[in-house]
Amino acid sequence: MIPRRLCDLVIIGGGPAGLAAALEARRQGLQDILIIERDQQLGGILNQCIHNGFGLHYFQEELTGPEYANRFVLAVEKEAIPVLLNTHVTAISPERVLTLVHPAGVEQIVAQAIILAMGCRERPRGALGIPGTRCAGIYTAGTAQRLLNLGGLLPGRSAVILGSGDIGLIMARRLKLEGINVKAVVELMPFSSGLTRNVVQCLQDFNIPLKLSHTVVEIHGTKRLEAVSIAPVSPLTLTPDLTRVQKIACDTLLLSVGLIPENELSQIAEVVIDPATRGPLVDQLLHTSQPGIFACGNVLQVHDLVDDVSFEAELAARAATAYIARQYAVNKPILRNITCGEGIRSLTPQRLDQSRLAMPLTLNFRPSAVYRGATVCLKDQHGNVIVSSHRKILTPGELARLTVTADHWPPTEITSLMLSIEYVQVTKTANAPLAKGQDQGEAQPGALKPANSQLTTTQHVATSATPSQATQMTCIACPVGCQMTVELDAQGQVVVTGNQCKRGEIYAQSEFSKPVRTLTTLIAVAGRQTPLCVRTAEPIPKDQINSFLASIHAAQITLPVEIGQVILADLGGTGIDVIATRNLS
Amino acid sequence: MYDVIIIGAGVIGCAIARELARFDLKIAVVDRADDVSEGASKANSGIVHAGFDALPGSRKAYFNVHGHARMQSWASELHVPYKNNTSLVLALNEAEKPGLSELLARGLQNGVTGLRLIDRDDVLRREPLVNPAVQGALLAETAGIVSPYHLTIALAEHAAVNGVDFYLNCAVTGLDRADTGLFTLTTEGNPTSNAFGTPLQTRAIVNAAGIYADQINDYISLDTFKISARRGEYWMMDKQIGARFSATLFQLPTEKGKGVLVTPTVEDTLIIGPTNEAIADKTDTRTTREKLDEIRRVAARTCPSLPQDLYITAFSGLRAHCDRGDFIVGRATDVAGYYLAAGIESPGLTAAPAIALELAEQIATDLAAHHRNLFLAPLAPIFLGHGNDEVNLVALAEHIAEDPAYGRIVCRCEHVSEAAIRQAIRRPLGARSLDAIKRRTRANMGRCQGGFCTPRILEIMAEELSVDVTTLTKFGSQSDLLTGGRL
């Protein structure tokens with residue numbers, strides 16, 4: 001007999017979604033909660049994301065992945081929420097019976113409610129069908145990230161990265177900072193699918209070329225990777241031009257070519273999956289098609305920011321808690337479909353529970369292309385606009401939102417809804433002409449124009465520039481990514497042009513006079529496999545990254561180390577400390 | 001000093017080794033690769049052909065039919081995944097229907113049972129995803145599928161537990177026959193044989209060297225033949241779609257071969273392919289854009305609705321095509337003590353049991369060998385603990401109680417435990433590379449293709465093998481996984 005027990009709320013996944021959901025459920029007063037995690041520690045993928053950029057929205061401060069995770073882990077420990085580590089859920093029945101395998105045995109849990117928070121996985125080489133040999137040296141960006149950041153292992157010596165999503169960009173910088181020669185980041189689309197901030201700070205800062213509208217067409221090397229062939233692609237058909245193939249010698253290829261919500265378990269529970277998001281079909285309470293099963297985080301849809309995952313998880317937890325309290329029984333859902341119209345690739349929630357219009361509805365959507373100066377419209381079955389919103393820019397690289405509040409809803413009955421992008425003005429070119437030598441393939445109308453290495457070189461010169469010299473830079477304040485020109489006028493005043501808003505000017509002025517970056521890196525610890533991840537407590541001058549890096553790497557570590565502990569005080573006389581971003585005992 | 005040395009650790013070499021191990025002979029198998037099954041045996045369709053395709057009277061037809069007759073019992077004895085899934089040769093238009101009757105007649109001549117023509121409705125009832133334009137099919141009720149690398153590994157393990165020595169990473173660079181009738185092999189690459197400091201000597205030699213069989217033959221025989229490599233490229237698709245097929249689906253064969261097939265595997269994935277292309281370089285196992293596109297195009301004739309987003313990987317294998325157009329199996333015509341199993345292309349996997357039995361008997365007779373008193377049974381398979389029904393879960397719980405590592409799932413896609421990975425390394429002829437782990441456990445073979453589990457598998461390998469993790473390879477020497485070393 002397989003032992004069986006009851007539990008009110010089972011949360012599958014102890015990453016950012018699962019942890020936030022558990023804490024919110026506890027805040028809502030729920031006692032009987034269980035977090036199931038397959039890894040040997042909580043935190044999920046955040047544990048290997050040692051770079052900064054997390055928490056700006058949730059904590060109003062900039063943290064690294066392990067630090068962000070640690071805050072939630074500490075709270076879960078404080079609340080004494082039960083956690084099963086090293087535990088694999090092999091099945092969920094539609095009746096919410098979970099089958100668990102862990103080192104202590106096999107058990108089944110009958111749950112009142114389940115929150116799916118299993119995250120996503122990376123698309124592998126095979127899904128793309130890149131032809132060539134099947135040699136060693138081809139990794140997904142996430143695998144390389146884990147090997148490096150958690151194992152202290154360098155996958156190779158010289159690398160090409162396919163895909164300019166955020167993980168690809170982040171890994172380009174990580175590899176570079178650990179001494180690997182990153183030859184190029186190759187992107188199929190005419191725009192980067194990552195955040196502009198990452199294009200600037202991960203590629204431009206390090207002179208790593210971004211080959212837009214290019215793809216890897218062949219893999220060479222019988223045993224270990226020796227080279228990859230890349231070719232430009234037509235921006236419209238995305239087919240490579242095999243007459244213009246270029247071979248790049250490298251021993252490592254990292255793939256950052258898309259994330260897929262991991263829903264095999266959801267499908268065992270017969271949860272209906274939306275082919276557009278590849279996540280469960282949910283209503284505004286994140287309730288899936290199976291009663292009592294909720295979904296949040298990257299298993300529902302791939303997010304760009306972990307902060308949004310945490311917020312979404314809290315919504316799912318409130319809904320699950322209410323479900324357990326039987327609030328659903330008195331208020332049967334009346335479900336209406338919300339469909340993707342023109343310009344929308346995917347959205348959540350895909351269903352509106354019309355019995356709950358009093359609560360605000362936030363639609364998360366991904367546009368199918370880059371749109372500038374467009375309007376997002378939510379319409380009812382008659383084509384009447386319920387809510388619309390003008391946007392400066394919408395790009396597939398950033399999940400966008402549209403909020404509908406109670407007063408937006410018409411008094412008439414809604415039978416279906418459609419979200420679409422309208423009144424589009426496709427700009428022929430970006431804000432500034434392309435820089436000379438920019439490797440853009442054929443320019444695509446409306447495409448983002450991140451600058452290339454040529455631009456960065458100019459930036460390096462400009463930081464110590466003579467007054468007359470103009471500096472080009474890409475604004476990172478928002479996804480528009482304005483190409484700005486910064487120069488000193490005759491009076492010695494900094495003049496910014498090309499920006500569309502005040503934020504651009506502020507960014508350009510500080511980037512021109514004193515560009516700074518938070519530096520995150522690893523320090524090898526003698527006798528330990530896992531290296532220590534650290535960051536500068538404050539941003540440091542950008543042009544000193546390389547000189548500081550050597551002194552950080554040379555630091556001697558005495559264990560145990562606690563998160564936040566100063567590892568190196570007053571880095572190079574800057575007054576800025578280097579602090580640990582993980583506990584290491 | 002050996003009685004028999006077999007060159008080649010593919011399915012043929014390992015099957016011969018296993019059958020010979022029943023006799024009181026000292027046997028060795030040598031192979032250039034770091035694992036058994038590293039050549040064509042790991043990269044083929046995995047089909048157990050019913051036997052209607054081969055030309056009547058050919059060695060292919062003979063060994064196909066006799067190999068087929070043994071396959072099910074071999075698979076069950078060796079705990080190798082096998083399924084009698086049947087096969088269909090489809091007539092996709094009226095003009096193709098006479099072709100089916102020809103195949104039927106050929107099959108009957110070859111002595112194949114369970115063959116019959118079925119109509120369109122029957123085809124679509126059996127396989128709802130087949131092109132609705134189908135006009136009928138030749139059903140082969142006895143056709144099956146088997147995991148070719150599991151079969152090869154299981155045969156090798158069974159041979160090894162019965163005393164057969166395996167020299168892997170050991171390329172044969174020369175072969176001499178002295179007047180005494182003794183053969184001497186010169187090899188390079190194997191540290192074990194180098195440590196002995198003496199070349200390998202043997203009374204009998206078996207050439208099961210696959211695409212290199214002609215080179216081996218040239219060392220000692222004047223009865224020459226030519227083996228050319230025919231590359232077959234394949235796509236593999238997710239279990240989600242594989243589970244929706246049961247039979248192996250062929251199109252009508254052409255003079256170029258059996259053409260592109262669509263078949264579920266014993267592991268429930270779906271494979272489509274192969275192409276058939278003559279390749280000059282016998283190490284060139286690349287996949288190409290043209291051929292991968294071609295497979296999808298041609299497979300769409302069989303199944304127009306294959307989803308575009310469920311491709312997991314693509315691979316290719318090199319078939320050993322002999323210029324004589326048929327298998328060469330048996331005693332060499334001009335050298336006593338030299339035996340051949342050469343030119344074993346399709347249906348070589350199906351034929352393996354029959355080829356092995358025939359050769360083992362010839363060799364045992366010629367060497368006047370006797371059956372051993374003690375012949376050990378095959379090892380129990382690696383316990384994978386799959387299945388969510390009560391019986392499987394209880395069995396899994398029992399294993400976890402013995403060893404908690406059975407409860408630590410390393411590969412999430414294929415549910416492979418830490419214990420299974422350790423077993424794969426510890427067994428005879430245990431895995432020494434990441435690909436070898438993959439073939440034995442399926443870890444790395446699922447939909448994420450090792451994205452999540454590779455770092456952990458490498459840790460376990462380093463621990464089990466007492467080596468530094470940075471020395472580990474994907475498939476043997478020079479395929480190092482972590483060329484950047486440590487921080």
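**Entry 1: two prolines in chain B**

I began at B:Pro347, which lies in the loop between strand 20 (338-342) and helix 10 (348-366) of chain B. Helices (H or I, at least four residues) and strands (E, at least two) are DSSP runs, numbered from the N terminus. The peptide bond from B:Ser346 to B:Pro347 is cis, and its omega is near 5°. I then found a cis peptide bond between B:Gly273 and B:Pro274, with omega about 0°. B:Pro274 sits in the loop between strand 16 (270-273) and strand 17 (277-279) of chain B.

A note on what I am reading: this is a predicted model, where local features need pLDDT of at least 70, side-chain atom pairs count only at pLDDT 80 or more, and totals for chains, interfaces and linings use all residues. Residues are numbered from 1 along each chain as its sequence is written, chains are lettered from A and ligands numbered from 1 in the order in which they are written, and side-chain values use heavy atoms, with hydrogens and water left out.

**Entry 2: a positive phi in chain A**

Next I looked up A:Asp570, which has a positive phi of about 50° although it is not a glycine. I placed A:Asp570 in the loop between strand 36 (566-568) and strand 37 (578-580) of chain A. Most residues other than glycine have a negative phi, and most peptide bonds are trans.

**Entry 3: a sheet in chain B**

I traced an open sheet of 3 strands in chain B, in the order 3-8-4, with antiparallel pairing. Strand 3 (47-48) and strand 4 (82-83) of chain B are the edge strands, each pairing on one side only. Two strands pair if DSSP finds at least two bridges between them. Strand 4 and strand 8 (residues 144-146) of chain B have 2 bridges, in the antiparallel sense. Which residue of strand 8 is the bridge partner of B:Tyr82? I found B:Val146 there.

**Entry 4: where chain A meets chain B**

I counted 60 residues from chain A and 53 residues from chain B in the contact (heavy atoms within 4.5 Å). The area buried between the two chains is about 4600 Å², and carbon and sulfur atoms give 58% of it. Buried area here is the accessible area (1.4 Å probe) that two parts lose on being put together, summed over both.

How many salt bridges cross the interface of chain A and chain B? I got 4, taking a salt bridge as a side-chain nitrogen of Lys or Arg within 4 Å of a carboxyl oxygen of Asp or Glu. A:Glu264 and B:Arg447 meet in a salt bridge, at 3.5 Å from N to O. On the side of chain A that touches chain B, helix 4 (residues 141-151) of chain A gives the most, with 5 residues.

Strand 11 (residues 153-154) of chain A and strand 23 (residues 485-486) of chain B run antiparallel and are joined by 2 bridges. In strand 23, B:Gly485 is the bridge partner of A:Leu154.

**Entry 5: salt bridges overall**

Searching the whole structure, I found 69 salt bridges over all chains. One of them is between A:Glu262 and A:Arg38, whose closest N and O atoms are 3.2 Å apart. A:Glu262 lies in the loop between strand 19 (259-261) and helix 7 (264-268) of chain A and A:Arg38 in the loop between strand 2 (33-36) and strand 3 of chain A, so this pair ties together parts that are 224 residues apart in sequence.
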